[in-house]
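Reader: I would like to go through some of the labels used for this model. For each one, please set the value against the cut-off behind it.

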Amino acid sequence: MLRISLMLYPLTFKPIFKERVWGGRNLERLYKKPLPPDVPIGESWEISDRPGDASIIANGPLAGKDLRWLMENHADELLGASRRNTKSFPLLVKILDAQEKLSLQVHPPVEIAASMGGEPKTEMWYVAEATPEADLFVGLKKGVTRPEFEQKIKEGTVAECFHRIPVKKDDVMFLPSGRVHALGAGSVIFEIQQNSDTTYRVFDWNRTGLDGRPRELHIEQSLKSINFEDFEPRLITSIYSRSPTFSVRVLVDDPLFRIDACKVKRGQRFYIRSEGAQILGILHGRLEVGFGEIKVLAGAGQFVVLPACLGRVSLTADTQVEFLHVQNR
């Protein structure tokens, strides 16, 4: 049974910008993010409860406090039935601007992550914008063996082992821990993931980092983490329901989280409720989120966290709107 909270409400947060050698300025162009000048920004951490990177509340009476404070003082109200044994907010939400290829990498699966001092990371990528040449590297080409993979690492040609997938706007890829992957150049991605920042680099295209030195690789950890039976995974192929006013497309239905894409006709008012925390991520248009006296008007590139204790929350499509609906489990 959830406790009634007189304090929590629909929450928005200030983004945390990350300079990356492969980044650009698209988050400013597309979503009017207030990027620091003259540096390549590859990541905007929209909802984060990482050490040293706790998202700060931007709206309402709790503005200025952060997500770490919320978890320390109101975790039950925030997470509800989805709290389990976590001490941190269980999801990390980012927008990525990949103007160049990211490193070929892997995240450790849950059964071995702790033994290597890391954390598992299952995630989903939603392609919000893509150039005609945009692509992903996901999984292995059919038939690649571990000995062949290791030999290609030594030769500096391991990229030949990766399955390349051309992508366009609104494509979606699911990435369980253990699946090798990399963003190719030319896409902007909404990324929903477990709260983890453990990444093992297999190959970084022989380039230097922002400090002018080659970035560290993690060959031993990568080889332990990679699923060598994961060949040529496909993009998610679900389609929208046929309702002309409110249509839904199921993207991910996983024990960790469920993610749906929703399209709503302008002026439609509807309600959602959940026993766990929910996140709304706006892809296009504007969505009004209301609870009591609190009203949030969220536009493209913005996210709203709905604490579990709110129960039923009203939503109104201020324009025709497309958004991601994330339910933590």
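Author: Start with a pair of side chains in this predicted model: those of Ser103 and Gln105 make a polar contact at 2.9 Å.

Reader: What makes the pair Ser103 and Gln105 a polar contact?

Author: The cut-off is 3.5 Å between N or O atoms. The distance between the two side chains is 2.9 Å, so the pair falls within the limit.

Reader: Why is Ser103 called buried?

Author: Buried means under 20% relative accessible area. Ser103 has 2%, so the label applies. Ser103 lies in the loop between β5 (91–98) and β6 (104–106). Leaving aside residues up to four places away in sequence, Ser103 touches several others, among them His181, Phe203, Trp205 and Arg215.

Reader: How do you know that Glu43 and Lys94 form a salt bridge?

Author: The test is a side-chain nitrogen of Lys or Arg within 4 Å of a carboxyl oxygen of Asp or Glu. For Glu43 and Lys94 the N to O distance is 3.4 Å, so the pair passes. The pair links distant parts of the chain, with Glu43 in strand β2 (residues 41–47) and Lys94 in strand β5, 51 residues apart. Glu43 and Lys94 also belong to a network of salt bridges that includes Arg20 and Glu191. In the whole structure, a search finds 24 salt bridges.

Reader: Are Glu43 and Lys94 buried or exposed?

Author: Glu43 has 9% relative accessibility, so it counts as buried. Lys94, at 3%, counts as buried too.

Reader: What makes Asp230 and Arg179 a salt bridge?

Author: Their N to O distance is 2.7 Å, and the limit is 4 Å, so the label holds. Asp230 sits in the loop between α5 and β14, while Arg179 sits in the loop between β10 (172–175) and β11 (181–183). Asp230 is at 11% relative accessibility and counts as buried; Arg179 is buried with 13%.

Reader: How do you know that the buried residues of α4 are on the same side?

Author: The buried residues of helix α4 (residues 146–155) are Phe149, Lys152 and Ile153. They cover an arc of only 105° around the axis, which puts them on the same side of α4. In general, an α-helix has 3.6 residues a turn, so residues three or four places apart point the same way. On the other side of α4, Pro147 and Lys154 are exposed. The cover over the buried residues includes β8 (135–140), β9 (162–166), β13 (200–203) and α5 (219–225).

Reader: What caps the N-terminal end of α4?

Author: Thr145 does, through a side-chain oxygen 3.2 Å from the backbone nitrogen of Glu148. Just after α4, Gly156 has a positive phi of about 75°.

Reader: Why are β14 and β20 called edge strands?

Author: The open sheet has 5 strands in the order β14-β15-β22-β17-β20, with antiparallel pairing. β14 (246–253) and β20 (303–306) each pair on one side only. β17 (residues 278–284) pairs with β20 over 4 bridges, and two bridges are enough for pairing, so these strands count as paired.

Key: Residues are numbered from 1 along each chain as its sequence is written. This is a predicted model: local features need pLDDT of at least 70, side-chain atom pairs count only at pLDDT 80 or more; totals for chains, interfaces and linings use all residues. Side-chain values use heavy atoms; hydrogens and water are left out. Buried means under 20% relative accessible area, exposed over 50%, partly exposed in between (1.4 Å probe, protein chains only). The arc is that of the directions from the helix axis to the C-beta atoms. Contact means heavy atoms within 4.5 Å. A polar contact is a pair of N or O atoms within 3.5 Å; within protein, one must be able to donate a hydrogen and the other to accept it, and residues adjacent in sequence count only if both atoms are side-chain atoms.
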